[in-house]
Amino acid sequence: MAELPVSETPGDPALCSGRFTISTLLGGDEPPPPAAYDSSHPSHLTHGSTFHMRTFGYNTIDVVPAYDHYANSTLPGEPRKVRPTLADLHSFLKEGSHLHALAFDSRPGHEMTDGLVEDEAGTGGEKSPAEPVRFGWVKGVMVSVCGWKVQQWEREPGLHPVLTWIIILLSVTVTSITGLSISAISTNGKVKSGGTYFLISRSLGPELGGSIGLIFAFANAVGVAMHTVGFAETVRDLIQEHGAPIVDPINDIRIIGVVTVTVLLGISLAGMEWESKAQVLFFLVIMVSFANYLVGTLIPPSEDKASKGFFSYRGDIFVQNLVPDWRGVDGSFFGMFSIFFPSATGILAGANISGDLRDPAVAIPKGTLMAIFWTTVSYLAISATIGSCVVRDASGDLNDTMTPGSGACEGLACGYGWNFTHCSQQHSCRYGLINYYQSMSMVSGFAPLITAGIFGATLSSALACLVSAAKVFQCLCMDQLYPLIGFFGKGYGKNNEPVRGYLLAYAIAVAFIIIAELNTIAPIISNFFLCSYALINFSCFHASITNSPGWRPSFRYYSKWAALFGAVISVVIMFLLTWWAALIAIGVVLFLLLYVIYKKPEVNWGSSVQAGSYNLALSSSVGLNDVEDHIKNYRPQCLVLTGPPNFRPALVDFVGTFTRNLSLMICGHVLVGPRKQRMPELRLIANGHTKWLNKRKIKAFYSEVIAEDLRSGVQILMQAAGLGRMKPNILVVGFKKNWQSAHPATVEDYIGILHDAFDFNYGVCVMRMREGLNISEMMQAHINPVFDPAEDPKEAIALDPEALVREEQASTIFQSEQGKKTIDIYWLFDDGGLTLLIPYLLGRKKRWSKCAIRVFVGGQINRMDQERKDQHILALSQRPPTKRFEDMIAPFRLNDGFKDEATVTEMRRDCPWKISDEEINKNRVKSLRQVRLNEILLDYSRDAALVVITLPIGRKGKCPSSLYMAWLETLSQDLRPPVILIRGNQENVLTFYCQ
């Protein structure tokens, strides 16, 4: 614990017992602050200072755990509480910082009890907003989910009890598994508004979440029209029975539907409190209607009811109805299932208003599962009771009673004094369990209450769909995953009501009511709901299977394998219901998914897809440890000393071109200086450089280290970069263009880095371009002085990390088409084949594919017939002029020819880069070779697209750095195309054999 000495103890001994301050832990009052203190001495700060929270009896800036510290965001206008940073506890508290301002604020009454409040001064003068209305699990979730569908009142009675139970239990299996998955996801963290979209998008990421959110909102908007039309059809039938049509049957539905959905819009615009009251009212109407039905089954049947097939509870009727009797177009199991299953698509209604729940983590699991349980019980009860009371066929004719001489009688009704044989044989019966959809009204004690139940079911479902569509769409708009929809994300009032979303959902509902083609679109809407079920279950499975530490739901009664089964069975049901609608739904989801993948929105929600990517990468990387190296599987894995990558874009593009989708590339950056001084810069720039690489579409990692000098930092990178077998094996550097004017020590370090690379068994690649590699001077940014120092480092401006992403990308030769030029390879020495491999990999890329590759090798004229016919043979026997080379090395000569040995030794110790006369004589042949090679390069490769040369090696400790740099300068000077000097580690990277 970071603590400071105190000058006094709390005044009230009752508040402190030993080391623990009970008043602090329980939020009690603090002792009054002293009148003044010396802020320049931390030891003079007392308990009254806002700088110190009294934690366990100590004055300390450390704070006890608080819920607000683990919240990623707060509501607008609310102060945000933050914990001290590690630097605040471990290092010095900087003056002028946010914490420092809070620490020495001596205003009376300004206390910190459970954390440090951020931006409190900016919100203290504002009036706190009104408290939003929040609902519990009964009123907010269960009542909404329990809005029974019209299938319960009209279609379910026509199904056989056992068949109905099978269909109900199959549906309940899907909904229960989905309910368990919803419960697990909703208790894994704080659920905000957005419902189904929020749960899926925060679990599986914006790609799937965005696509489901859009189609789910649309499905709910159309669902408003479907349920409203169900209500309008019932009202139209009633007014037609009384002989008072408005216009005609179709237009009556349109008129009633538009008026009804307008009323529902008014309820929604009034606020969630009124919507909740309306749902409770509909729920009570449904309960009264359900009770009315159960009472009606106990009342002895009248003659009118008996003529329609109702004979109260009879065991033989129940037994007969156990066996299905398929009739009509939908006379199959899946035909009946497709009729009933849409009644099970409302279990997400409670979750969709997650932002208006008092405690979503409690309300969603409890309300959803309880609603599923009670609706299942009610569905089973209706099928069992009505299947025990009503025969399959009845005429409804009061004259069809059994009389002597009425002839043969078939069916169970004969035993109860009724003869429905004629209509049963002719299949013309209008009544009975199979034929009459209003059987519940006929059985009930008071038929109008069943009609009221239908009204309550349809209006409750329509209202729930209207609210769900707007709430889900509002959250989607606020996330801005799709263009042109941000307008609808604005909220109003204390509950942040999506008024614009309500109006949009209303417009869609009215449009579909007027079109009146709901029978065509209904299967697609059902499949949209099933897509949501499938993805919710898959979200739960995927989050569990990835073993992410962030997946820790408090709801334990779920199974990842059950969730996977629920996802699979939801997709299967989609195709069993309507295969063409399933294909359309999946196609729409894929289209929206691909759009979000293409746009790559800048959001990070910690999804299970990210956790899965990590698991996959980790297991694959570990699995590589068991894979033995083979020449055929060799890959050039490059550590590129770019410094800041945006300073040397040509170097980045060159390596990124041939490593793309092939091998590892790491951009290394050494921050030279004291660790304490460079550490803030290290934290600041890393993310910006990675984003710059991503924007440039370079598939590479960025790695930086802090070191006292460049060479030490590169040594650290070469030893520590990479993971397992994914470690660099080639060091790529830029050519030190200013080596003649730079400080000799920096040249010594540069050559030392190349020697270090060979010591670590790396290959080496040096890139030179005529115009240079470093563009930092044009960017007016600070650069690494070892490679190419700025004229005045004190005036160099540090680059803002965010500016890296916004800046205009510099174009290089490696980003343009090369046309029909040549890639000239001068394979002068056998280095294992790396000099050949890298140009070949470059030539496979589209921009370089038209370039012809020419290979030049060293040899003798008289051995040309023995060499390969497709290689050019270089003869190096002619003695070239060397004056230019001698002038180049003249400033670096030791001129020790007439000095004694002691003097020479002392001169070499002070200037190890100097070249002695003896070293010049020993290396004269090698120096002449570089001069001659340069002449050949100018003759043959002046117009090439790229020149690749085997890098000459200078023996460590025997060849001075200035002489070696003179060789590289002489070899590559005056060439227009980029020059790549490559040297392998003398181990094979190519083979001509298959094994």
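This is a predicted model: local features need pLDDT of at least 70, side-chain atom pairs count only at pLDDT 80 or more; totals for chains, interfaces and linings use all residues.

While α34 is still selected, colour its buried residues: Ser927, Leu928, Gln930, Val931, Arg932, Leu933, Asn934, Ile936, Leu937 and Leu938. Here's a handy thing to know about helices in general. An α-helix has 3.6 residues a turn, so residues three or four places apart point the same way.

**Next helix: α35**

Now pick residues 961–972, which make up α35. These 12 residues should span 16 Å at 1.5 Å a residue, and the end C-alpha atoms sit 17 Å apart, which agrees. How many of the residues of α35 are buried? The count is 12 of the 12, so α35 is largely enclosed by the rest of the structure. Among the buried residues you'll find Tyr964, Met965, Trp967 and Glu969. After α35, click on Asp974: its phi is positive, near 70 degrees.

**Zoom out**

Time to take in the whole chain. Show it as a cartoon and you're looking at 35 helices and 16 strands. The chain has 995 residues, and 50% of them count as buried. Of the contacts between residues at least 6 apart in sequence, 77% join residues at least 24 apart. Switch to a surface view: the accessible surface comes to about 47,900 Å², with 58% of it belonging to carbon and sulfur atoms.

**The cysteines**

Select Cys423 and Cys429 and show their side chains. What joins them? A disulfide does, with the sulfurs 2.0 Å apart. A disulfide is a covalent bond between the sulfur atoms of two cysteines. The count for this structure is one disulfide. The link of Cys423 and Cys429 is right-handed, with 85 degrees about the S-S bond, and both cysteines are buried.

For contrast, go to Cys638, which is in no disulfide. The nearest cysteine sulfur belongs to Cys765, and it is 7.2 Å away. Cys638 is buried, with a relative accessible area of 0%. Another cysteine to click on is Cys851, which counts as buried at 9% relative accessibility.

**Rings and charges**

Show the aromatic side chains next. There are 21 aromatic pairs in the whole structure. Take Tyr482 and Tyr595: are their rings stacked or edge-to-face? With centres 5.6 Å apart and planes at 15 degrees, the pair is stacked, because planes under 30 degrees apart count that way. This pair links distant parts of the chain, 113 residues apart: Tyr482 is in the loop between α18 (447–479) and α19 (499–515), while Tyr595 is in helix α22 (residues 579–599). Tyr482 counts as buried at 9% relative accessibility, whereas Tyr595, at 25%, counts as partly exposed.

Then select Phe654, Phe658, Phe814 and Trp848 together, as they form one aromatic cluster.

Look at Trp274: the charged end of Lys277 sits over its ring, 4.9 Å from the centre. Phe487 is another stop, with the charged end of Arg500 over its ring, 4.0 Å from the centre.

Where is Gly271? You'll find Gly271 in the loop between α10 (249–269) and α11 (272–298). Gly271 is buried, with a relative accessible area of 10%.

Is Gly415 buried or exposed? At 67% relative accessibility, Gly415 counts as exposed. Its place is in the loop between α15 (360–387) and α16 (421–426). Met402 is 13 residues away along the chain, with 9.1 Å between the two C-alpha atoms.

Finish at Glu233, in helix α9 (residues 206–241). Glu233 counts as partly exposed, at 34% relative accessibility. From Glu233 to Ile250 it's 17 residues in sequence and 9.2 Å in space, C-alpha to C-alpha.

Notes: Residues are numbered from 1 along each chain as its sequence is written. Side-chain values use heavy atoms; hydrogens and water are left out. Helices (H or I, at least four residues) and strands (E, at least two) are DSSP runs, numbered from the N terminus. Buried means under 20% relative accessible area, exposed over 50%, partly exposed in between (1.4 Å probe, protein chains only). Contact means heavy atoms within 4.5 Å. Accessible areas come from the Shrake-Rupley method with a 1.4 Å probe; for residues, only the protein chains shown count as cover. A disulfide is a pair of cysteine sulfur atoms within 2.5 Å. Rings of Phe, Tyr and Trp (its six-membered ring) pair if their centres lie within 6.5 Å; planes under 30 degrees apart count as stacked, over 60 as edge-to-face and the rest as tilted. A charge sits over a ring if NZ of Lys or CZ of Arg is within 6 Å of the ring centre and within 35 degrees of the ring normal. The expected span of a helix is 1.5 Å times one less than its number of residues.
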